[in-house]
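Welcome! Take a look at the sequence and structure, then read on.

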Amino acid sequence: MWIVLLEGFDLFEASAAMRTFDLANETLDRQACHDAQTPPHYAVRTFATRAGPVHSNGEAALHVAALPDEPQRPVDRFIVAGGHGAVRAVRNLSLGQQQVVEWIARQSERIRSLASIGEEGFVVGQAASARASQVGSPDGIDMIAAASGMELALHIVAHDCGQALAAQIAQRLSPSADRLGTPRRFRTGFPGEGRDDERVLALHRWIVQHPRQPLTNERLARRLAMTQRTFARFYRRATGITPARAVELLRIETACIAIENTLLSLKAVASHCGFSSEEVMRRAFVRVLKMSPSQYRDQFHGKT
């Protein structure tokens with residue numbers, strides 16, 4: 001588990017993630033006395049683009065090692081921990097942020113999964129995934145994102161070790177584990193037996209990485225080396241929906257992730273996710289989620 005700290009990172013959220021992994025290790029240690037099949041522990045290492053202090057969003061700083069030129073072994077999970085300057089980062093990545101993007105892109109074949117904490121972490125992670133697709137990793141890198149470090153860590157623990165362990169840790173971190181299920185996050189979860197077809201999964205990853213491109217049936221069919229007619233039949237049989245519907249749902253999902261994890265304007269979110277206008281995105285949200293983008297945002301950031 002590698003965590004790279006961006007200058008101005010949110011100390012509380014990064015620390016919450018580390019504490020969650022520490023508690024997971026403690027719990028797994030206790031279980032190891034009774035269960036020889038206990039999953040491996042989390043070994044958390046922190047880095048920055050250069051060795052020395054990295055200043056948080058407060059007065060505190062953490063002294064960390066520099067990212068190596070090349071990892072000695074594959075990195076199971078690489079987490080980008082940032083602060084709250086998403087609007088600034090979208091306009092112009094800082095030198096340090098750009099260095100993280102380039103490092104991730106160069107090592108994309110050795111990074112098994114990418115995650116982010118905070119707004120800047122999300123922007124840098126997205127940029128790194130897109131950059132990876134340009135330098136040899138055609139589908140970029142799958143990424144999960146969270147505004148909360150604890151929420152991200154609990155999600156990872158639940159994936160690796162089961163929901164029961166994650167809930168047990170959540171109870172130790174807070175009075176209630178209710179936050180694991182709320183607020184509601186929209187994710188596509190396409191139906192159909194073919195949802196595990198690697199061709200479909202790879203196409204979905206590519207769509208998410210290139211939401212601003214013209215995602216026509218013709219373009220998607222070319223990605224799978226099929227005629228438009230063959231592709232339309234194949235995709236409908238695999239997922240139960242049309243390619244056009246899938247593109248809309250994936251754009252909505254990408255917009256939801258941006259809304260959950262950043263304070264970008266809804267106009268900027270719409271543009272980033274390939275909607276022709278903020279109003280087109282609003283109508284898609286209302287049609288699919290039965291709420292507007294601003295109402296969806298209120299769940300995570302409160303009314304403004």
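How many bridges join E6 to strand E7? There are 4 bridges between E6 and strand E7 (residues 143-146), and the two run parallel; strands pair if DSSP finds at least two bridges between them. The model is a predicted one, in which local features need pLDDT of at least 70, side-chain atom pairs count only at pLDDT 80 or more, and totals for chains, interfaces and linings use all residues. Residues are numbered from 1 along each chain as its sequence is written, and side-chain values use heavy atoms, with hydrogens and water left out.

**The protein as a whole**

- The protein has 13 helices and 7 strands; these are DSSP runs (helices are H or I with at least four residues, strands are E with at least two), numbered from the N terminus.
- Of the 304 residues in the protein, 48% are buried, where buried means under 20% relative accessible area, exposed over 50% and partly exposed in between, using a 1.4 Å probe and protein chains only.
- Among the contacts with a separation of 6 or more, 70% are between residues 24 or more positions apart; a contact means heavy atoms within 4.5 Å.

**Strand E6 and its partners**

- Strand E6 (residues 114-117) is covered on both faces, with Leu114 and Ser116 buried on one side and Ala115 and Ile117 buried on the other.
- Strand E5 (residues 78-81) runs parallel to E6 and is joined to E6 by 4 bridges.
- Val80 stands opposite Ser116 of E6, while Leu114 stands opposite Met143 in E7.

- Helix H3 covers residues 95-106, and its 12 residues reach 16 Å from the first C-alpha to the last, close to the 16 Å expected at 1.5 Å a residue; the expected span is 1.5 Å times one less than the number of residues.
- Its buried residues are Gln97, Val100, Val101, Trp103, Ile104 and Ala105.
- An α-helix has 3.6 residues a turn, so residues three or four places apart point the same way.
- Gln107 sits in the loop between H3 and E6, and it counts as buried because its relative accessibility is 6%.
- Apart from neighbours within four places in sequence, Gln107 is in contact with Asp69, Glu70 and Pro71.

**Helix H7**

- The 12 residues of helix H7 (residues 198-209) should span 16 Å at 1.5 Å a residue, and the end C-alpha atoms agree, being 16 Å apart.
- Buried in H7 are Val200, Ala202, Leu203, His204, Trp206, Ile207 and Gln209.
- The cover over the buried residues of H7 includes helix H4 (118-134), H8, H9 and H10.

**The nonpolar cores**

- A nonpolar core is a set of buried Ala, Val, Leu, Ile, Met, Phe, Trp, Tyr and Cys residues joined through side-chain atoms within 4.5 Å.
- The largest such core has 61 residues, and those with the most contacts inside it are Phe78, Ile104, Phe231, Ile252 and Phe285.
- Helix H10 (residues 243-261) gives the most to this core, with 10 residues.
- A second, separate core of 32 residues includes Leu28, Ile79, Val157 and Leu165.

**Helix H10 and its surroundings**

- The axes of H10 and H12 come within 11 Å and cross at roughly 100°; axes are lines fitted to C-alpha atoms, for helices over the stretch in contact, and angles run from 0 to 180 degrees between N-to-C directions.
- Asn261 lies in helix H10 and counts as buried because its relative accessibility is 2%.
- The C-alpha atoms of Asn261 and Glu120 are separated by 9.1 Å, although these residues are 141 residues apart along the chain.

**Two residues with positive phi**

- Most residues other than glycine have a negative phi.
- Ala225 has a positive phi near 55°; Ala225 is in the loop between helix H8 (217-223) and helix H9 (228-239).
- Lys290 has a positive phi near 65°; Lys290 is in the loop between helix H12 (278-289) and helix H13 (293-301).
- Ala225 counts as exposed at 74% relative accessibility, and Lys290 counts as exposed at 66%.
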